[in-house]
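Student: I am new to this structure and would like a close look at one part of it. Could you pick a pair of packed helices and then walk me outwards from there?

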Amino acid sequence: MALHTGRHFLQIPGPTNVPDRVLRAMDHPTMDHRGLEFADLGAEVLAGTKRVFQTEGTVVIYPASGTGAWEAALVNTLSPGDKVLMFETGHFATLWMKMAGSLGIDAEFVPGDWRRGVDPALVEEKLRADKGHAVKAVCVVHNETSTGVTSRIAEVRKAIDAAGHPALLLVDTISSLASIDYRHDDWGVDVTVSGSQKGLMLPPGLSFNAVSDKALAAGKTAKLPRSYWAWDDMLGPNAKGFFPYTPATNLLYGLREALKMLLEEEGLENVFARHDRHAEATRRAVRAWGLELLCQEPREYSSALTAVVMPEGSDADALRKVILDRFDMSLGAGLSRLAGKVFRIGHLGAFNDLMLAGTLAGVEMGLAAARVPYKAGGVLAAMDYLAGAEEVAAPKMAAAGD
């Protein structure tokens, strides 16, 4: 690898860049996690995290990756042999399905093409056909990190209700929480799964379950083995700001700072609008380059990342290597069936207009350096959008024509 100066551009869809102030917040002496000072910290981050999930209900925080939160959602609500409905929207939906199978759950995996999200009409059709209510849960990945496709969770909820089915709704928001508008309570989600290393702007190491009362009730009769992941063991200590085992204390310092940035300073609505704007600018760049978006349904475009299809005969991993070696920027790889066929541009977390412009410049220079067939002008198209040049230019043109 070439010797580089300046900062590395980490433009994968997570882990994302950790703001300096969050890093500084974590750089404190570790406190006594049984002391009163920690109780204040625990209560504060639990309350703030509820606001990010947009819930008045229960949130549980684990020292774990998002994979742990997947398992917690399943083992706290289901019993061996229970049937669940899962949807093949990409690599991570596939991994969650495999986990369910390994836990002794009967997972029906509805096939998909990795270019679209969950079809709410198909959810309703499947549940209407389940006259005996054998399906105990519907599991959906909100934002599929491998594809840049966002499923319409509110419509999935409406489909379950239209079918008159009692199945729980379990949703993975690992790459969408605090980046894309998500409403645990309003959308009737029973368990929402997430992790710390993406929109929450932290290193990996914390995972979350937001839990409805219906899911808590299901946990009373669920028979899958659980110990570390047990919600009941968490809820008692959490009520006083404590945890039943040693928490990731310094990550919680960082979480407190990140919550302050998201909730008190920028505000969630502005956070979502910023991500929407950066995603649209990126898509305009991709189209100007003459390249293809992997996501084929505009209503399902992700605001956290954009997956770009390589032209026939070009290799995405070779392009990514050129960009890393020449410009010190990391882009996301194509995963499993998409390996070598797509690259992924992460535009989530602690990110602004200038960082996006630099990211897209690195991609455009990389396309040229790697001799990938493309058209110049993607960066300019994005910059025009970010600067509002189109809105500014329109009245001037009208005046000139008068």
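Tutor: Happy to! Let's begin with helix α11 (residues 316–327) and helix α12 (residues 353–369), whose axes come within 9 Å and cross at roughly 115 degrees. Please keep in mind throughout that this is a predicted model. Angles from 65 to 115 degrees count as roughly perpendicular, and α11 and α12 are therefore described as roughly perpendicular to each other. The crossing of these two helices is right-handed.

Which residues meet where α11 and α12 come together? From α11 come Leu319, Val322, Ile323, Arg326 and Phe327. On the α12 side you will find Gly362, Val363, Met365, Gly366, Leu367 and Ala369.

Next, look at the sheet beside this pair. It is an open sheet of five strands in the order β1-β13-β14-β12-β11, and its pairing is mixed. The edges are held by β1 (9–11) and β11 (292–293); each has a single partner strand, so one side of each is left without a neighbour in the sheet. Strand β11 runs antiparallel to strand β12 (residues 305–309), and two bridges join them.

Helix α10 (residues 268–288) packs on it and touches β11, β12 and β14 (342–346), with a direction that makes about 10 degrees with that of β12.

The largest core has 70 residues, and Ile61, Trp96 and Leu255 touch the most other members. Helix α9 (residues 249–266) gives this core its largest share, nine residues. Apart from this core lies another one, of 27 residues, which includes Val363 and Leu367 along with Met310 and Ile345. You have already met two of those names: Val363 and Leu367 are among the α12 residues that meet α11.

Leaving out residues up to four places away in sequence, Ile61 touches Val45, Leu46, Thr49, Leu206, Ser207, Phe208, Met234, Phe243, Leu252 and Leu255.

There is also an open sheet of seven strands, ordered β2-β10-β9-β8-β5-β3-β4 and again with mixed pairing. Its edge strands are β2 (58–63) and β4 (106–110), each with a single partner strand, so one side of each is left without a neighbour in the sheet. On average, neighbouring strands here are turned by 20 degrees against each other, direction ignored. Further in, strand β8 (residues 168–172) and strand β9 (residues 191–195) pair in the parallel sense over three bridges. Leu170 has Val191 in β9 as its bridge partner.

Helix α2 (residues 36–53) lies across β2, β9 and β10 (206–211) and runs at about 115 degrees to β2. Leu41 is found in this helix. Is Leu41 buried or exposed? Its relative accessibility is 0%, so Leu41 counts as buried. Setting aside residues up to four places away in sequence, Leu41 touches Met31, Thr249, Leu252, Tyr253 and Arg256. Leu41 and Tyr253 are 212 residues apart along the chain, yet their C-alpha atoms are separated by 7.6 Å.

Helix α9 also holds Met261, a buried residue with a relative accessible area of 16%. Met261 touches Pro19, Arg21, Val22, Met201, Glu266 and Gly267, again not counting residues up to four places away in sequence.

To finish, here is another helix pair to set beside the one we started with. Helix α5 (residues 120–129) and helix α6 (residues 153–162) pack at an angle of about 25 degrees, with their axes 8 Å apart. That makes α5 roughly parallel to α6, and the crossing of α5 and α6 is right-handed. Among the residues making this contact are Val123 and Leu127 of α5, and Val156 and Ile160 of α6. Gly132 sits in the loop between α5 and β5 (135–141), and at 66% relative accessibility Gly132 counts as exposed.

Note on methods. Residues numbered from 1 in each chain as written. Predicted model: local features only at pLDDT ≥ 70, side-chain atom pairs only at ≥ 80, totals over all residues. Heavy atoms only, no water. Core = buried A, V, L, I, M, F, W, Y, C linked by side-chain atoms within 4.5 Å. Buried < 20%, exposed > 50% of the residue type's maximum accessible area, 1.4 Å probe, protein only. Helix = DSSP H or I, 4+ residues; strand = E, 2+ residues; numbered from the N terminus. Contact = heavy atoms within 4.5 Å. Pairing = 2+ DSSP bridges. Axes fitted to C-alpha atoms, helices over the stretch in contact; angles between N-to-C directions. Parallel < 35°, antiparallel > 145°, perpendicular 65-115°, else oblique. Left-handed = near helix turned anticlockwise from the far one by under 90°.
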